[in-house]
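Visitor: Let's go through the aromatic side chains. Can you put the model up?

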Amino acid sequence: MYLKNYNMKLNYYIFDIDGTIAKMSPKRKKALEDKDYGLFYSDLVLEDEPIRQTIRVLNFLEDDRNSNIILMSWRSNECCQHTVERLNKYKIPYARLLMRQSWDHRQDAYIKSELYDKCLSQQEGKCLWVF
């Protein structure tokens, strides 16, 4: 978990990273298909391209000072540093980044469901939308 300007009392929006905020590079897609997680979580993360339409929505929502933007990903915390570098490079606003543990290779839906439940239990505000 990575926190940045986070206030648990505010309402919040949740965004997925891969496929919503970032378009996976062809090399990362291939690594995922091959279940080559070492390569998938390597510095190939730095090749992902932002999805500009989503970035515009994030920037619009960031102007709402009564809410947080929470990013959630099936990406392993092994690539947290690369992910944060990429988010910062494209000036993607967020208050909290949730990623799965490196040892947990369960399906995306299970991981995100648990991250979402964890998020709900720690928040006092309401979840306004999940992207």
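**Aromatic pairs**

Guide: W74 has 12% relative accessibility and counts as buried (under 20% relative accessible area; exposed is over 50%, partly exposed in between, with a 1.4 Å probe and protein chains only). This is a predicted model, where local features need pLDDT of at least 70, side-chain atom pairs count only at pLDDT 80 or more, and totals for chains, interfaces and linings use all residues. Residues are numbered from 1 along each chain as its sequence is written, and side-chain values use heavy atoms, with hydrogens and water left out.

Visitor: How many aromatic pairs does the structure hold?

Guide: Seven aromatic pairs. Rings of Phe, Tyr and Trp (its six-membered ring) pair if their centres lie within 6.5 Å; planes under 30 degrees apart are stacked, over 60 edge-to-face, the rest tilted.

Visitor: Stacked, edge-to-face or tilted: what are F15 and F131?

Guide: Stacked, because the centres are 4.2 Å apart and the planes are at 10°. F15 is in strand β2 (residues 11-16), and F131 is in the segment after β7 (127-130), 116 residues apart. Strands here are DSSP runs of E, at least two residues, and helices are runs of H or I, at least four, numbered from the N terminus.

Visitor: Buried or exposed, what is F15?

Guide: F15 is buried, at 1%. F131 is partly exposed, at 35%.

Visitor: Back to W74. Which angle do the planes of F40 and W74 make?

Guide: 55°, with centres 6.4 Å apart, so that pair is tilted. F40 lies in helix α2 (residues 37-40) and W74 in strand β5 (residues 67-76).

Visitor: Which residues form the cluster?

Guide: Y37, F40, Y41 and W74.
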